[in-house]
Amino acid sequence: MSSSSESPGAPSLKRNVAWALAGNLGYSACQWGVLVCIAKLGTAADVGRFALGLALTAPVITLTSLNLRLLQSTDARSDYPFNVYLSVRLIGTVLGVVAIAVMALALGYRGDLLYLILVVAFAKAFEAVSDVVFGLLQKAENLRRVAVSMLLKGVISVLAVGVVLRLTGDIVLATLAMALCWGSLLATYDLPAAVRLESLRPSLVSRALARLAWVALPLGCVAGIASLAVNVPRYVIEADLGATALGHFTALSYLFVAATQPVLALGMAVNPRLGRHFVTDLGAYRRLTWRTMLIAGGLGLLGIAACALFGRSMLTLVYAPEYAAHEVVLIWLAVATGVGFLGQALSYAVTAARRLPEQLPIALLSLVVCTVGSYLLVPRYGLVGAAWAVLATEATRLACLGAVYAAAVAGASSAARPPRGRAVHVPGLRAGQATPMIVEITGCSGSGKSTLLKEILRQCAERGLPVATAEDVALPRLPRAIRRHPTLQNLALDLRGVGETITLRRDRDFLAFAMSVIRRDTDRAVTALSACRGVLRKLGVHSVLAREANGWKAVLVDEGTIHSAHYVLVHVNHPPRREDVEAFCRLVPMPDLVVHVVAPLETVLRRTFARSDPPLRRRSKEEMERFIRHAYMMFDLLMSDETLSRKTLRVQCDDDDLGAYRTFAKRVVDRIAEGGAGAPRIACAV
């Protein structure tokens, strides 16, 4: 990495990478040493109980830690002082320990096993507080202090566990000794380092604490879900193949813990600079991202080659000859790890761009893929199937993070220039010169909206009007191959829309109203989920257009926020209520111009049933017809609202005559041409 990516006066990036790598590798080696000590000086049952303690406590503490360290290290604007980070971490850690105790009791653990779980929880609590100090040091790029602390913690862990097990043979006492050593190191080495940089007095400003917790919650959920996903294949292996197979898989997987440390060390070094570059220099941000991915990909290829060439001998040397029989599993795990390296590198860039909400649905999707893959593949293919499930999980995460990264770069770029799309530029119109008029086309399914939109776009092009569609603005860098596939394009819009909606504050009242009506009136859970997804997409893309739709005369959208009434107010078993329609019109974000496309009910029914993908296509024809009639009734009530009717242009499409569509399209284009810089600001979704 060139020096151009380094800020003046900052420590050498190579030196920081070296210190971070030394700390992470050393600590990982010592963790493995703790496991070896338990195996050598205790029993296999002790190893299993210790592993159970880690498996139960790690996801909970990871969730309640909210991944604040990553947020701290990329907080280039210093949005929150350190004492706010510290207070949120302390509160979360206490809640995590209490949750672990309740969970252990609820699961029926008693006696020594319960004590062991609680001791591991306290050890993890001390580690969590040290971690928030490491975030402060990492932001200051003092990775030497972080590395020394990790090395000290690793060495004293091995010594404490080894000595106490040697003297007492009690795994609970050995783990307690390790926890006390971690707490002592926190008090005598980590906290004094933080005092030199910031005050340690906890913040009592509840608003700041709540705001930080809300911002960091997606990251915490992502980390917690990722920690849970790591254990899903192991749960299935233990249930289907037994404890011995689980031991083999865990031993093979642990070989890659140390292999991930170079990528983690690289992230510790580049995170602060990625955060600064995204704010100050987008080109440097992109170059540093690609160099980070290149290094991560190279490390992944080296790991795959090493496992393919030396896997059998390595397993025999490190463990025992019986493990060498799983050489193929080791190679597949190496491939999964290599893909995971690329995903980890992309996650650094995505977090630095503050694309935090999008990471939660990605983590959930990855967990679903891992769970489904494990339950389908492990019973049939054994440990190889478990490795394939891990690979599918990492590949899913990489693909989704790539889409979010592209959207982040496109969004940052659009602040400097208008997006490329189906637009016709006219001389003298500069980006940002006029506030665009955004026009929503809505109406029942089968009323002729898509045909009208195509004709409007054609006439705008003929008249030289610079217009775009909502896809052009919300997904400016989306490859054409994805745009041609409606399902993939809708998935991209879902990710963009849901991510925007999670951080959206302005339209919370409308969102709460919509969700309450959907829960009340929807007859099936799947239908309710689909409706909620549709509303979230509309509001999310609404937010994108409100922020990024500069440089156009108009933006045309096919089904926007007004059309979300179709998700909220139209249900199979309940006709629309007038009071709900009135509340909807009062709360929904209003567009500049609504083009309401109307056709006779018989025409709508005929066209809808002739489609290959009609709404509620898995329902009976009777239910579909009732749903369409309710939608038709809803639009009549909706357009009778006084506020909405003032913004509405009604287009009557009684037949399939293209000449009529051209006439109606001309009326809409005339309105667009008349609209100027003073047009009211609106945003709609596709």
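Me: What classes of residue make up the lining of the largest cavity?
Reply: By class there are 7 nonpolar, 3 polar and 1 charged residues in that lining. Nonpolar covers Ala, Val, Leu, Ile, Met, Phe, Trp, Tyr, Cys and Pro, charged covers Asp, Glu, Lys and Arg, and the others, Gly among them, are polar. Heads-up: this is a predicted model, where local features need pLDDT of at least 70 and side-chain atom pairs count only at pLDDT 80 or more, while totals for chains, interfaces and linings use all residues. Residues are numbered from 1 along each chain as its sequence is written, and side-chain values use heavy atoms, with hydrogens and water left out.

Me: How are you defining a cavity?
Reply: On a 1 Å grid over the protein atoms alone, it's a set of points where a 1.4 Å probe fits but cannot get out, and lining residues have an atom within 4 Å of a point. Points are joined across faces, edges and corners, and the volume is the space filled by probe spheres set on them.

Me: How many cavities of 30 Å³ or more?
Reply: The count is 2, and the largest cavity holds about 70 Å³ of space.

Me: Which residues line the largest cavity?
Reply: Among them are Cys444, His596, Tyr632, Phe635 and Asp636. The elements giving two or more residues to the lining are β4 (593-598) and α24 (621-639). Helices (H or I, at least four residues) and strands (E, at least two) are DSSP runs numbered from the N terminus.

Me: Switching topic: at what angle do α5 and α7 pack?
Reply: α5 (residues 111-139) and α7 (residues 171-195) pack at about 15°, with their axes 9 Å apart. Axes are lines fitted to C-alpha atoms, for helices over the stretch in contact, and angles run from 0 to 180 degrees between N-to-C directions.

Me: What does that make α5 relative to α7?
Reply: Roughly parallel, the label for angles under 35 degrees. Their contact has 21 nonpolar, 3 polar and 4 charged residues.

Me: Which residues have a positive phi without being glycine?
Reply: Leu66, at about 60°, and Glu559, at about 75°, are two of them. Leu66 is in the loop between α2 (44-65) and α3 (68-73), and Glu559 is in the loop between β3 (554-558) and α21 (565-568).

Me: Is Leu66 buried or exposed?
Reply: Leu66 counts as buried because its relative accessibility is 8%. Buried means under 20% relative accessible area, exposed over 50%, partly exposed in between (1.4 Å probe, protein chains only). Glu559, at 23%, is partly exposed.

Definitions and conventions: Parallel < 35°, antiparallel > 145°, perpendicular 65-115°, else oblique. 1 Å grid on protein atoms, 1.4 Å probe; cavity = no way out; pocket = protein on both sides within 12 Å on 5 of 7 lines; lining within 4 Å.
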